[in-house]
Amino acid sequence: MRYAQGGGLTGAGRVARERVRLQAMERFEVGQRNREIAAALRVSERSVERWRRQWRERGEAGVLSKGSPGRPRLSEAQTARLKRELERGPLVHGWADQRWTLARIKTLIGRLFHVSYTVEGTWQLLRRPGWSWQQPARQAIERDDAAVEVWKKGDLAAGKNTAAACDGWIVFEDEAGQSMTPPRARSWGRKGVTPAVRVRGRGSGRVSMAGLTCYKPGKQSRTFYSVREYRGRKEPKGIGWRDLRDLLVRTHIQLGGPIVLVWDNLRMHLVEPMRQFIADHADWLTVFQLPSYSPDLNPQEGIWSLVKRDIGNLAAADLGQITRAVKHRLKQIQYRPDLVDGCLTGTGLIMDG
């Protein structure tokens, strides 16, 4: 490492020191001994012992350098600008993937403001305004956010007015499916040993689901569903337009009122028999289309998330077990209108008013 005048580390030296500490933490996680780490990183065993103690007590923040106490700080205006640039995403700033890491944010601060922060300092800077390390949600590049806002103020508002005028329900529809391979869910395990979920390597088939979430101001929220198995025989491969038709009729009878249906542009929704069914039942069924690539506006997506979370890591013996687990969870949700309301809240949409 090179030292500047006065005994302090140069910028390159600080970067090298941070890199060594990050490598040490990676080795802590896989269970290496202090002597092995010290030899591999060419540091003293006492330093490794100190880093391990700090890592156990405070995690990553305890190991990384606190930086120079006299390092420059960003002003409020600079911090606000940094937040705006972070919200634009890593792609805009030249990184190939869409992950904001502390190292990248540190680099961005240097580019924008010519100010040097340590990794620890960057973490402290982000924590104050409420930023945190999170699992991102997927969003299609083709999505048009402006069109989504127009839909909220136009079609959604028209749908709410139509439902209010006919004393009806606003109903969101969506489909989903589940194969024999279960969704992966987080599980506790020994450090350095990734937990394994044992699943059957053989067996085919798929459980297809269609669901409706129903909302009306002053009424308890409802949800309805249809489930179909496909085992690779002479059976429909998934939910068809007839299944949707029957589900809509059943829901109309259960709700006892008109339906304002909101769904996406799936080809099955646009086939001629479905168009004819909608036209023939215009007295109780009105349809609005969601904007393209906007599943986050559909509360039924939240229902599917709850279902798949419940069957995470399920080592099913056969397709029937998957079907029973799916139906059991959907039946539980039917008796929990608060969960159905929570799925609507998650979309940011407002049904009353």
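Tutor: Gladly! Let's start with burial: a residue counts as buried when its relative accessible area is under 20%, as exposed when over 50%, and as partly exposed in between. Keep in mind that this is a predicted model.

Student: Is Lys216 buried or exposed?

Tutor: Lys216 has a relative accessible area of 14%, so Lys216 is buried.

Student: Which side chain does Lys216 meet in a salt bridge?

Tutor: First the general idea: side chains of opposite charge can pair when their charged atoms come close. Here, Lys216 forms a salt bridge with Asp167, at 3.0 Å from N to O. The two residues are 49 apart, with Lys216 in the loop between β2 and β3 and Asp167 in the loop between α9 and β1, and this pair links distant parts of the chain.

Student: How many salt bridges are there by this rule?

Tutor: The count comes to 8. Among them is the one between Arg245 and Asp246, whose closest N and O atoms are 3.1 Å apart. Arg245 is partly exposed at 26% relative accessibility, and Asp246 is partly exposed as well, at 42%. Another of these salt bridges joins the side chains of Glu229 and Arg231 at 2.8 Å, N to O. Glu229 counts as partly exposed at 25%, and Arg231 is partly exposed at 32%.

Student: Which side chain does Glu229 join in a polar contact?

Tutor: That of Thr323, at 2.5 Å. Thr323 is in helix α14, which covers residues 319-334. Its relative accessibility is 7%, so Thr323 counts as buried. Leaving aside residues up to four places away in sequence, Thr323 touches Val207, Val227 and Glu229.

Student: Now for the rings. How many aromatic pairs does a search of the whole structure find?

Tutor: It finds 3. To read such a pair, look at the distance between ring centres and the angle between planes: over 60 degrees counts as edge-to-face. Trp95 and Trp100 have their ring centres 5.6 Å apart and their planes at 70°, so they are an edge-to-face pair. Trp95 is buried at 16% relative accessibility, and Trp100 is buried at 18%.

Phe172 and Tyr215 are also edge-to-face, because their planes stand at 70°, with the ring centres 6.3 Å apart. Phe172 belongs to strand β1 and Tyr215 to strand β2, so this pair ties together parts that are 43 residues apart in sequence. Phe172 is buried, with a relative accessible area of 0%, and Tyr215 is buried at 3%.

Student: What sits over the ring of Trp95?

Tutor: The charged end of Arg111, at 4.8 Å from the ring centre.

Student: Let's go back to strand β1. How many of its residues are buried?

Tutor: 10 of the 11 residues in β1 are buried, and the strand is mostly covered.

Student: And how many bridges join β1 to β2, and how many join β1 to β4?

Tutor: To read strand pairing, look at the direction of the two strands and at which residues face each other. β1 and β4 run parallel, with 4 bridges between them. There, Ile170 stands opposite Val260 in β4.

Methods
Residues are numbered from 1 along each chain as its sequence is written. This is a predicted model: local features need pLDDT of at least 70, side-chain atom pairs count only at pLDDT 80 or more; totals for chains, interfaces and linings use all residues. Side-chain values use heavy atoms; hydrogens and water are left out. Buried means under 20% relative accessible area, exposed over 50%, partly exposed in between (1.4 Å probe, protein chains only). A polar contact is a pair of N or O atoms within 3.5 Å; within protein, one must be able to donate a hydrogen and the other to accept it, and residues adjacent in sequence count only if both atoms are side-chain atoms. Contact means heavy atoms within 4.5 Å. Rings of Phe, Tyr and Trp (its six-membered ring) pair if their centres lie within 6.5 Å; planes under 30 degrees apart count as stacked, over 60 as edge-to-face and the rest as tilted. A charge sits over a ring if NZ of Lys or CZ of Arg is within 6 Å of the ring centre and within 35 degrees of the ring normal. A salt bridge is a side-chain nitrogen of Lys or Arg within 4 Å of a carboxyl oxygen of Asp or Glu. Two strands pair if DSSP finds at least two bridges between them.
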